Amino acid sequence: MDPEKTAPFELGQGDDACLLLHGFTGSPWDVRPLGEALAARGLYVRAIQLPGHGSTPEALLSVGHRDWTQAAAQALLTLRDYRRTFVAGLSMGALLALRLAADYPERVHGLALVAPAVRFKGPHMWLLKRLRHYGLLERVKPWVLKSGTDLSDPEALAEAPILPAFPSARLQDMWELQDAAMSALHRVRSPALVAVAEQDHVVDPEGGQVLARGLTASPQVRFISLTAGFHIIPRDKGGPLLSSEVGSFFDRIRGVHAPPGDPKLSPPRPAAG
């Protein structure tokens, strides 16, 4: 993987900040367009590289969900001096964002949960999760090979940094994060926007609806379903609409009016909240 593409980044400046969290086997590259759009709206944006990500498959051998959770929490605490702090997470990053909102309610003022990895798509993954305590997957197939990433835009796909494989044992960590995030839903008191891609091939978009309904303590929940693009929404064809929706959602919390000439994009469907 190209270290320049997968590196963490910081953008923009302002009184409010947003922490960006990428997904499993991904990197900050996946969320950079969203970061650029939020920085243009006057936020300081910080995207971290989660432990074991953005380099080699072997780097994921010695890390797990506790390392990712701790890294996200430490990054959030570095933003303590900002007036308001938002967290936007993609896929696994959305699960980590939920945990942050539940564990640090006074520090997270708004959430953007993009293609949340509440549950993987397909009966094969469902069965593996049910059998996870037997350790069969790690013994039979210690490595999972990857030849691409879930993008519909051919240009974005051509330049995407792709980790060629990952240890199957890390799926155990993903399942732990799924369970922990769903258990924490009732403790989340931040306004939240949940965005899914109807054509996602990695996670079940219906899981996003389940998540949105479970945010019972949140004062505002907005759910959007994008018809364009696949799982890596910020980099795909639905990315501009996602950035507009997230930016406007955070602006309302910040008390900021939309800038003059902000393009009026056609609304996603369905939308509620």
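Reader: Which element gives the largest share of the lining of the largest pocket?

Author: This is a predicted model, in which local features need pLDDT of at least 70 and side-chain atom pairs count only at pLDDT 80 or more, while totals for chains, interfaces and linings use all residues. Residues are numbered from 1 along each chain as its sequence is written, and side-chain values use heavy atoms, with hydrogens and water left out. A pocket here is an open set of points on a 1 Å grid over the protein atoms alone, where a 1.4 Å probe fits, with protein on both sides within 12 Å along at least five of seven lines; lining residues have an atom within 4 Å of a point. The largest share of the lining, three residues, comes from helix H5.

Reader: How much space lies in the largest pocket, and which residues are the closest to its centre?

Author: A volume is the space filled by probe spheres set on the grid points, which are joined across faces, edges and corners; for the largest pocket this is about 720 Å³. The lining is made by 35 residues, and the elements that give two or more residues to it are helix H5 (123-130), E6 and H8. The closest to the centre are Phe24, Thr25, Lys146, Phe166 and Val202.

Reader: How many helices and strands does the chain have?

Author: Helices (H or I, at least four residues) and strands (E, at least two) are DSSP runs, numbered from the N terminus. By this rule the chain has ten helices and ten strands.

Reader: What percentage of the residues in the chain is buried?

Author: Buried means under 20% relative accessible area, exposed means over 50%, and partly exposed lies in between (1.4 Å probe, protein chains only). Accessible areas come from the Shrake-Rupley method, and the accessible surface of the chain comes to about 12000 Å², of which 53% belongs to carbon and sulfur atoms. Of the 273 residues in the chain, the buried share is 55%.

Reader: Is Leu193 buried or exposed?

Author: Leu193 is found in strand E8. Contact means heavy atoms within 4.5 Å, and, not counting residues up to four places away in sequence, Leu193 touches Leu111, Ala112, Leu113, Arg222, Ile224, Glu245, Val246 and Phe249. Because its relative accessible area is 0%, Leu193 is buried.

Reader: Which residues is Val210 in contact with, leaving aside its neighbours within four places in sequence?

Author: Val210 has its place in helix H9 (residues 205-214) and is partly exposed, with a relative accessible area of 28%. Val210 and Met182 are 28 residues apart in sequence, yet 9.4 Å apart in space, C-alpha to C-alpha. With those neighbours left aside, the contacts of Val210 are Arg119 and Met182.

Reader: How many salt bridges are there?

Author: A salt bridge is a side-chain nitrogen of Lys or Arg within 4 Å of a carboxyl oxygen of Asp or Glu. One of them joins the side chains of Arg32 and Glu36 (3.1 Å, N to O); both residues lie in helix H2 (residues 32-40), four residues apart, about one turn of the helix. By this rule the count comes to 13.

Reader: Why does the salt bridge of Asp16 and Arg84 tie together parts that are apart in sequence, and how many residues apart are they?

Author: The side chains of Asp16 and Arg84 meet in a salt bridge (3.9 Å, N to O). Asp16 lies in strand E2 (residues 16-21) and Arg84 in strand E4 (residues 84-90), so the pair ties together parts whose separation in sequence is 68 residues.

Reader: Which residues make the nonpolar surface patch of about 320 Å²?

Author: Patches are made of residues with over 30% relative accessible area and no salt bridge, with like charges joined within 9 Å and nonpolar side chains (Val, Leu, Ile, Met, Phe, Trp, Tyr) within 5 Å. Leu145, in strand E6 (residues 143-145), is exposed, with a relative accessible area of 70%. The patch is made by Leu61, Trp143 and Leu145.

Terms used:
Accessible areas come from the Shrake-Rupley method with a 1.4 Å probe; for residues, only the protein chains shown count as cover.
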